[in-house]
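Subject: Structure handover

Hello,

Here is the structure I promised to pass on. Please open it alongside this note, and then read on for what turned up.

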Amino acid sequence: MAKNLKMKAARAALDLSQDELAKKVGVTRQTISAVENGDYNPTVNLCISICKALGKTLDELFWEEGGKS
């Protein structure tokens, strides 16, 4: 699984720490770190919560470029 640099960039653009984002979506900082590092495949519900907290769409944060069939 690749690192999620789009999520990390969106979080940084809002000047949110991993801990602050984690609190907004109801998970631990370690979970946010693991998602950003590509070590954890989040559930759809967690993806949606992260998108809402960052003001982004699922396509913007979680769909790979050119990955559509």
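Let me start with charge. The protein chain carries 10 positive and 9 negative side chains. The centres of these two sets are 2 Å apart. Please keep in mind that this is a predicted model.

Next, the overall build. The protein chain has five helices and zero strands. Along the sequence the pattern reads α-α-α-α-α. The C-alpha trace spans about 35 × 20 × 20 Å along its principal axes. The radius of gyration is 11 Å, which agrees with the value near 11 Å for a compact globule of 69 residues.

Some totals for the chain follow. Of the 69 residues, 35% are buried. The accessible surface is about 4,600 Å². Carbon and sulfur atoms hold 50% of that surface. Now take the contacts between residues at least 6 apart in sequence: 53% of them join residues at least 24 apart.

Helix α2 (18-25)

Which residues of α2 are buried? They are Gln18, Leu21, Ala22 and Val25. Around the axis they cover an arc of only 105°, so they sit on the same side of α2. Lys23 and Lys24 are exposed, on the face of α2 turned away from the buried side. The buried residues of α2 pack against α1, α3 and α4. After α2 comes Gly26. The phi of Gly26 is positive, near 80°.

Helix α4 (44-54)

In α4, the buried residues are Leu46, Cys47, Ile50, Cys51 and Leu54. Viewed down the helix axis, the buried residues of α4 fall within an arc of 140°, and therefore line one face of the helix. Val44, Asn45 and Lys52 lie on the other side of α4, and they are exposed. What covers the buried residues of α4? The cover includes α1 (5-13), α2 (18-25), α3 (29-37) and α5 (58-62). Gly55 follows α4. Its phi is also positive, near 70°.

To find your way around, I would begin with α2. Locate Leu21 on its buried side, then turn to Lys24 on the face turned away. After that, move to α4. Ile50 is one of its buried residues, while Lys52 is exposed on the other side.

Best wishes

Note on methods
Residues are numbered from 1 along each chain as its sequence is written. Side-chain values use heavy atoms; hydrogens and water are left out. Buried means under 20% relative accessible area, exposed over 50%, partly exposed in between (1.4 Å probe, protein chains only). Helices (H or I, at least four residues) and strands (E, at least two) are DSSP runs, numbered from the N terminus. The arc is that of the directions from the helix axis to the C-beta atoms. Contact means heavy atoms within 4.5 Å. The radius of gyration is taken over C-alpha atoms; the globule rule is 2.2 Å times the number of residues to the power 0.38. Accessible areas come from the Shrake-Rupley method with a 1.4 Å probe; for residues, only the protein chains shown count as cover. Lys and Arg count as positive and Asp and Glu as negative; His and the chain ends are not counted. The place of a charge is taken as NZ of Lys, CZ of Arg, CG of Asp or CD of Glu.
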